[in-house]
Amino acid sequence: MFQRIIDSTASPWTILIRLAVGLVVFFPEGIQKLVFPDILGAGRFAKIGIPYPELMGPFIGGVELVCGVLIIVGLFTRLASIPLIVTMIVALIATKLPILLGHGFGPFSLPDFKRYGFWSAQHESRADLTMLLGCLYLLVVGSGRWSIDRLLDRNATDRTGTERI
């Protein structure tokens with residue numbers, strides 16, 4: 001099981017996806033949810049309609065921070081991508097689905113925009129969808145050659161010491 005988690009034959013350039021997902025988005029967003037809870041953490045979650053915002057804000061901030069670091073360094077990348085996929089799905093449902101529908105959805109409120117519908121929702125969700133697809137990519141292919149997972153992968157070299165491709 002451990003071997004399946006860390007195994008990756010993906011291109012070494014997968015590091016670019018890891019840096020986009022981990023360093024550019026989730027790591028700094030996690031920090032900001034913890035440092036600025038009123039506007040990006042619990043306060044924002046309460047405004048959106050996320051249940052238990054005072055608990056969920058710091059929890060999601062911590063998840064984004066920790067999983068972002070794991071993805072940056074390429075350690076347990078497949079596992080780290082799973083909670084981030086869930087986070088992005090919830091973000092799309094909670095914040096973008098009301099824009100698409102033009103009204104609140106369940107506990108999630110409709111933000112005040114000048115326009116609603118498909119094109120407005122698509123515009124607002126472009127970063128969320130990009131991060132979702134990036135995390136799905138990392139879940140499927142793993143961390144790539146330039147990663148700690150690769151260093152831990154005992155099967156990365158054959159008996160002669162030649163690196164597996």
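**Helices, cores and buried residues**

Author: Let's start with helix 5 and helix 6, whose crossing is left-handed. This is a predicted model, where local features need pLDDT of at least 70, side-chain atom pairs count only at pLDDT 80 or more, and totals for chains, interfaces and linings use all residues. Residues are numbered from 1 along each chain as its sequence is written, and side-chain values use heavy atoms, with hydrogens and water left out.

Reader: What makes a crossing left-handed, and what counts as a helix?

Author: In a left-handed crossing the near helix is turned anticlockwise from the far one by less than a right angle (clockwise would be right-handed). A helix is a DSSP run of H or I with at least four residues, numbered from the N terminus.

Reader: At what angle do helix 5 and helix 6 cross, and which residues make the contact?

Author: They cross at roughly 145°, and their axes come within 9 Å. Axes are lines fitted to C-alpha atoms over the stretch in contact, with angles from 0 to 180 degrees between N-to-C directions. Helix 5 brings Ile-60, Val-63, Glu-64, Cys-67, Leu-70 and Ile-71, while helix 6 brings Thr-77, Ala-80, Ser-81, Pro-83, Leu-84 and Thr-87. By class, that's 8 nonpolar, 3 polar and 1 charged residues. (Ala, Val, Leu, Ile, Met, Phe, Trp, Tyr, Cys and Pro are nonpolar, Asp, Glu, Lys and Arg charged, and the others, Gly among them, polar.)

Reader: Why are helix 2 and helix 7 called oblique?

Author: Helix 2 (residues 14–35) and helix 7 (residues 118–141) pack at about 135°, with axes 10 Å apart. Angles under 35 degrees are roughly parallel, over 145 roughly antiparallel, 65 to 115 roughly perpendicular, and the rest oblique. Therefore helix 2 and helix 7 are oblique to each other. Helix 2 also passes helix 7 in a left-handed crossing.

Reader: What makes Thr-77 count as buried?

Author: Buried means under 20% relative accessible area, exposed over 50%, and partly exposed in between (1.4 Å probe, protein chains only). Thr-77 has 0% relative accessibility, so it counts as buried. This helix 6 residue touches, beyond four places in sequence, partners including Arg-18, Leu-138 and Asp-149.

Reader: How do you know what "touches" means?

Author: Contact means heavy atoms within 4.5 Å.

Reader: Lys-33 and Leu-34 both sit in helix 2. Why do they get the labels they do?

Author: Lys-33 is at 9% relative accessibility, so it counts as buried. Leu-34 is at 40%, so it counts as partly exposed. Leaving aside neighbours within four places in sequence, Lys-33 contacts Leu-40, Gly-41, Phe-45, Gly-57, Ile-60, Gly-61 and Glu-64.

Reader: What makes a group of residues a nonpolar core, and which members of the largest one touch the most others?

Author: A core is a set of buried Ala, Val, Leu, Ile, Met, Phe, Trp, Tyr and Cys residues joined through side-chain atoms within 4.5 Å. The largest has 14 residues, and Val-21, Phe-26, Ile-71, Leu-84 and Cys-135 touch the most other members. Helix 2, helix 5 (53–73), helix 6 (77–101) and helix 7 each supply at least two residues of this core. Helix 6 gives the largest share, 5 residues. A second, separate core of 6 residues includes Phe-45, Ile-50, Ile-60 and Ala-94.
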